[in-house]
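Please keep the sequence and the three-dimensional view side by side while you read.

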Amino acid sequence: MTGQTVLVTGATSGIGKATALGLAALGATVAITGRDRERTDGAVRDIRASVDGEVHAFVADLSSQSEVRRLADEVLTGLPRIDVLVNNVGGYWNTRHVTADALERTFALNHLAPFLLTNLLLQRLKQGPAARVVMVASNAQSMGRIDFDDLQGERAYSGARAYNQSKLANVMFAYELARRLQGTSVTANAVHPGLVSTGFGAEDPGRTQRLLVPLLRPFMKAPAKGAATSIHVASVAQLARVTGRYFADRQPRKSSPLSYDTAAAARLWQVSADLVGLPALT
């Protein structure tokens, strides 16, 4: 990937950091985002210590739309090209949290943030010969459904239900983006990293998570293995023109039957565009 520039969101630890490190090891110039300056700079130092390459840091809380827009402006100023955008940022909260934009935090961070950031960076991506958007989803998408009547969990909130919905939204966004980008140089795919041992969801865990994670941890993947599919989809030459697919264990897989509902995906795009203040069309 020498000569290519990659932006990985949510890359101060876990899968995101491992993805950035792996792509840097392949020769890419890497830029990472984090919401805390100290942790983000620390991750940059760690990557530079492991790989002799160019690494950039951007700091933003992507649950805030104004922060996403500021980040996009800084990225467009700081990076003359973007060959790969890995939308890795995400979170899980057992109880309902509201963002500065008065939106439910899981939906705002996991879906609306990558939706907005990708659209704001799309023209720069299109300028490259073969750019890629990689959405880090989860097999939780198979248990999700898009509740258009209660997207924000205002009537009834469940942390698991909100997370599952957001991961299905990730896959549907990747597929709809791929459809809208047909005929361009940009591809869009979604990936499932597997069950990975990280601090994911530790800020506000549910009772089941507190009980099960210690039991499952010995069987979980290390972050480097969890990042393998993201790295594969972001870098392998044979996938340069493959788009609108879902990958797990570096292989194309079938996603949830609901994820292939094109009418629902178009509706989700429109609702998302309205929520972030973007035109409906790319």
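Helices α1 and α8 are oblique to each other, a word used for angles left over once those under 35 degrees are called roughly parallel, those over 145 roughly antiparallel and those from 65 to 115 roughly perpendicular. Their axes come within 9 Å and cross at roughly 40 degrees, with α1 covering residues 14-25 and α8 covering residues 228-235. The axes are lines fitted to C-alpha atoms, for helices over the stretch in contact, and the angles run from 0 to 180 degrees between N-to-C directions. Helices (H or I, at least four residues) and strands (E, at least two) are DSSP runs numbered from the N terminus.

This is a predicted model, in which local features need pLDDT of at least 70 and side-chain atom pairs count only at pLDDT 80 or more, while totals for chains, interfaces and linings use all residues. Residues are numbered from 1 along each chain as its sequence is written, and side-chain values use heavy atoms, with hydrogens and water left out.

On the α1 side the contact (heavy atoms within 4.5 Å) is made by A18, T19, G22 and L23, and on the α8 side by S230, I231, A234 and S235. By class, this contact of α1 with α8 has four nonpolar, four polar and no charged residues; Ala, Val, Leu, Ile, Met, Phe, Trp, Tyr, Cys and Pro count as nonpolar, Asp, Glu, Lys and Arg as charged, and the others, Gly among them, as polar.

Helix α1 also meets α2 (residues 37-50), where the axes come within 10 Å and cross at roughly 35 degrees, again in a right-handed crossing. Here K17, A20, L21 and A24 of α1 meet A43, D46, I47 and S50 of α2, and the residues of this contact divide into five nonpolar, one polar and two charged.

Which way do α3 and α4 lie relative to each other, roughly parallel or roughly antiparallel? Their axes come within 10 Å and cross at roughly 25 degrees, and α3 and α4 are therefore roughly parallel to each other. In their contact, Q65, V68, R69, L71, A72, V75 and L76 of α3 meet L112, A113, L116, L117, L120, L121 and R124 of α4, and by class there are eleven nonpolar, one polar and two charged residues.

On a 1 Å grid over the protein atoms alone, a cavity is a set of points where a 1.4 Å probe fits but cannot get out, and a pocket is an open set with protein on both sides within 12 Å along at least five of seven lines; lining residues have an atom within 4 Å of a point. The largest cavity has a volume of about 40 Å³, a volume being the space filled by probe spheres set on the points, with grid points joined across faces, edges and corners. L62, S63, Q65, V68, D101, L103, A108, L112 and A113 line this cavity, and α4 (105-126) gives the most to the lining, with three residues.

The second largest pocket has a volume of about 160 Å³. Its lining has 13 residues, of which D147, D150, A156, R161 and Q165 lie nearest its centre.

Key:
Left-handed = near helix turned anticlockwise from the far one by under 90°.
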